[in-house]
Amino acid sequence: MKRFFLLIFTIWRQQMKLYLLAALAGAVIGVFVLAPSYDYISARESSSDPLSSVQFMLNQVGDMLTGKISHGNLMLLAFYAEIGALIGLLSLAFYTLIHNRVVHIDYLKAELDKDLPSIIRQGEGPYLEFKSTLRWDMAESRINRSLEGVILKTLAGFLNSHVGGTLLIGVADNGEIIGLEKDFQTLKKPDQDGFEQAVMTAISANLGADLCSFVHVLFHVIDDRHVCRLIVSPANRPVFIDQGNAQKFYVRTGGATRDLNIKEALDFIAGRWKRGK
């Protein structure tokens, strides 16, 4: 648990810096742009000041910098600083949302342009892994729930990476297409829909329901054998897996997935989610 809180604190500290800067920038804009603009509009409506907008705002800024403002105006400036800070925070949140969406869509478009045979020919690597089955033990010819844990570990590694990855289920390590027929037989609904539901249920229960939107499920049929293709986008938060009494943090290293110790995890998270990346 201590490890978990240390990791969360590291992310919170990095994100707080960014939001504080956004609030500060917004407050400055509120004081030096919004407040003078409002005063200028009021002056023009009453026709009491013939100065141009630029000259009027420069005079206002000069008065603020030299302290030539009344208590009432000071309270008004504080109000505009609050408004500006709120606008800054909302702008940052909106930009982050749009930016993440654009990156997400671009990644999916690039992945969808690839066909399954060409993907398999690449072989396993940092961004691609093959798994023969979801829960059917090929060696013992029985259901083995621990195999789902292996799938989840790989998904967590892709989710925690900077670029995501692709997991093919129904393909052996050597690229041979095994198919999902054995897995289908273990499901209440023995078809693609049932398989997708089983995958998403496992993700929701073990990694977090919010992460389901980062995993996209496609099915391919080659030589009458079904293959499930999971396109995994980078998550917007660190992903942990509960194993016993400990929480494990997995990342992709080369063509494998491994868990990091506390120091490695802290360093990785500080860089991975720095400034909302």
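## The model and its ground rules

This is a predicted model: local features need pLDDT of at least 70, side-chain atom pairs count only at pLDDT 80 or more, and totals for chains, interfaces and linings use all residues. Residues are numbered from 1 along each chain as its sequence is written, and side-chain values use heavy atoms, with hydrogens and water left out.

## Overall make-up

The protein chain holds 8 helices and 9 strands. Both come from DSSP runs, numbered from the N terminus: helices are H or I with at least four residues, strands are E with at least two. The chain has 277 residues, and 39% of them count as buried. Buried means under 20% relative accessible area, exposed means over 50%, and partly exposed lies in between (1.4 Å probe, protein chains only).

Contact means heavy atoms within 4.5 Å. Take the contacts between residues at least 6 apart in sequence: 66% of them join residues at least 24 apart. The accessible surface of the chain is about 15600 Å². Carbon and sulfur atoms account for 60% of that surface. These areas come from the Shrake-Rupley method with a 1.4 Å probe; for residues, only the protein chains shown count as cover.

## Cysteines

A disulfide is a pair of cysteine sulfur atoms within 2.5 Å. By this rule the count is 0. Cys212 has 18% relative accessibility, so it counts as buried. Cys228 is buried too, at 0%.

## The nonpolar cores

In soluble globular proteins, nonpolar side chains tend to be buried together. A nonpolar core here is a set of buried Ala, Val, Leu, Ile, Met, Phe, Trp, Tyr and Cys residues joined through side-chain atoms within 4.5 Å. The largest core has 31 residues. Those touching the most other members are Leu155, Leu159, Ile169, Phe195, Ile203, Leu207 and Leu230. Two helices give two or more residues each to this core: H5 (146-160) and H7 (192-206). Strands S4 (165-169), S5 (215-222) and S6 (225-232) do likewise.

What does Leu230 contact, leaving aside neighbours within four places in sequence? Its partners are Leu155, Gly165, Thr166, Leu167, Ile169, Val199, Val215, His216 and Val217. A second, separate core has 9 residues, including Leu116, Ile119, Ile120 and Ile177.

Asn160 is in helix H5. It is buried, with 0% relative accessibility. Not counting residues up to four places away in sequence, Asn160 touches Arg237, Pro238, Val239, Phe249, Tyr250, Val251, Phe268, Arg272 and Trp273.

Ile269 lies in helix H8. Its relative accessibility is 1%, so Ile269 counts as buried. Ile269 and Phe249 are 20 residues apart along the chain, and their C-alpha atoms are separated by 10.0 Å.

## A nonpolar patch on the surface

Leu24, Val28, Ile29, Phe32 and Val33 form a nonpolar patch on the surface. Together they have about 410 Å² of accessible area. Patches are made of residues with over 30% relative accessible area and no salt bridge; like charges are joined within 9 Å, and nonpolar side chains (Val, Leu, Ile, Met, Phe, Trp, Tyr) within 5 Å. Ile29 sits in helix H1 (residues 2-45). With a relative accessible area of 46%, Ile29 is partly exposed.

## Salt bridges

Side chains of opposite charge can pair when their charged atoms come close. A salt bridge is a side-chain nitrogen of Lys or Arg within 4 Å of a carboxyl oxygen of Asp or Glu. The whole structure has 10 of them. One joins Arg135 and Glu148, whose closest N and O atoms are 2.8 Å apart. This pair links distant parts of the chain, 13 residues apart. Arg135 is in the loop between strand S1 (128-131) and strand S2 (136-137), while Glu148 is in helix H5. Are these two buried or exposed? Both Arg135 and Glu148 are buried.

Asp193 pairs with Lys189 at 3.7 Å, N to O. Asp193 is partly exposed at 47%, and Lys189 is partly exposed at 41%. Lys263 pairs with Asp267 at 3.1 Å, N to O. Both lie in helix H8 (residues 262-272), 4 residues apart, about one turn of the helix. Lys263 is exposed at 57%, whereas Asp267 is partly exposed at 47%. Salt bridges that share partners also join Glu129, Lys131 and Arg252 into one network.
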